[in-house]
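Please read the following report alongside the sequence and the model.

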Amino acid sequence: MTAPAKPKKKPFNLRRERMLGRATEKRRYDLPLNKGAGSGFLMVLIALMTFLAMMAVAASFTLSAMTHRWSSGLENRVTVEIPATDMDGNLRDADAINDIAAKALSILHTHPAVIDSQRMDDAEIRKLVEPWLGTNLLNDTIPLPALITVALRPDTDAPTMGQLTISLRSAASNIRVDTHEEWLTDLLRFTGAMQLGALMISLVIGVTTVTAVAGAVRARMAVHRADVELLHIMGASDGYITKQFQRHALILALKGGLAGALAGALAMAMTGWVSGEMGAAILPDFTLSGGQIALLCLTPLLAAAIATTTARFTVLRVLSTFP
């Protein structure tokens, strides 16, 4: 009968790592990383970065909604304006404006490029100019031009538009046909530049976060260099020491990220309430879709991922310089 085989004795380093690992299971640090003023500074910094990132992304969403609203609402549409004055600057009376508008509508109804044309009533025109003139200046004594909204076929080209304009000016020589292209192109270019600016701000925030976390980790390693070297001598691997700093950075980033996200949500709620109170017709509603809110909710997790990854690579790089 053979004696039972004795269990193999584990290497000292492995047993030591497991003993050190018990500290991780109890959620304690082998290194006193959670003590000192630097942790609070890093947490506040990540909260600020998360807040700014949320505001930049929300601004990008709002600009995108604004661009979509303006471009989709005016695509294949023109506005025909019959001024309240003639070519000599004399005011037209209401009957003259109505006669010219009736002739213009008759031309539009028979033109093959026109799908639909509707004359706006005075109430709609007053509502359009109200943000610029106010309600006090809008009364019956001020003459209003006639406006006709026209929907065109999608394949309407520039020569066809030129022919339509000539036909309309047979009713009145100073009729204006606004295709919205000139100011809409400038406006879309402006919103595109603003979106690019928001993207650049987000990238700067990400780079700043990486730099700040890397600096904080390096400072911590410098403060606890003797402890880290002792762990190394006791057999702790680079991976084990790295996890200590990673966990520390993860906890701080989650706390700071959640605080920043909460502040960002409150700021966006206040912005939405203020914009709603303003009632500006030209501005889009500051509302976010469910998918956009879900993306914003991921911001603290993204900050935590950046902080954890930065801490890992920073610690490994510093440890590679140890003897």
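## Overall composition

Of the 323 residues in the protein chain, buried residues make up 34%, where buried means under 20% relative accessible area, exposed means over 50%, and partly exposed lies in between (1.4 Å probe, protein chains only). This is a predicted model, in which local features need pLDDT of at least 70 and side-chain atom pairs count only at pLDDT 80 or more, while totals for chains, interfaces and linings use all residues. Residues are numbered from 1 along each chain as its sequence is written, and side-chain values use heavy atoms, with hydrogens and water left out.

The protein chain has 10 helices and four strands, these being DSSP runs numbered from the N terminus (helices: H or I, at least four residues; strands: E, at least two). Along the sequence they follow the pattern α-α-β-α-β-α-β-α-β-α-α-α-α-α. Among contacts between residues at least 6 apart in sequence, 83% join residues at least 24 apart, a contact being heavy atoms within 4.5 Å.

## Strand β3 and its partners

Strand β3 (residues 146-152) is largely enclosed by the rest of the structure, because six of its seven residues are buried. Strand β1 (residues 77-82) runs antiparallel to β3 and is joined to it by six bridges, with A151 in β3 as the bridge partner of R77. Strand β2 (residues 114-119) is likewise antiparallel to β3, through five bridges, and here V114 stands opposite L152. Two strands are taken to pair if DSSP finds at least two bridges between them.

## Annotated segments and T50

The unreviewed UniProt entry lists residues 36-61, 193-217, 249-273 and 293-315 as "transmembrane region"; UniProt positions are given in the numbering used here, feature names are shortened, and annotations may be inferred rather than shown by experiment. In the model, residues 249-273 are 100% helix and 0% strand, with end C-alpha atoms 36 Å apart, and residues 293-315 are 96% helix and 0% strand, with end C-alpha atoms 34 Å apart.

T50 lies in helix α2 (residues 38-74) and counts as buried because its relative accessibility is 2%. Leaving aside neighbours within four places in sequence, T50 is in contact with G257, G260, A261, T299, P300 and A303.

## A nonpolar patch

L199, in helix α6 (residues 181-223), counts as partly exposed because its relative accessibility is 47%. Together with L196, M200 and L203, L199 makes a nonpolar surface patch of about 400 Å². Patches are made of residues with over 30% relative accessible area and no salt bridge, like charges being joined within 9 Å and nonpolar side chains (Val, Leu, Ile, Met, Phe, Trp, Tyr) within 5 Å; a salt bridge is a side-chain nitrogen of Lys or Arg within 4 Å of a carboxyl oxygen of Asp or Glu. Accessible areas come from the Shrake-Rupley method with a 1.4 Å probe, and for residues only the protein chains shown count as cover.
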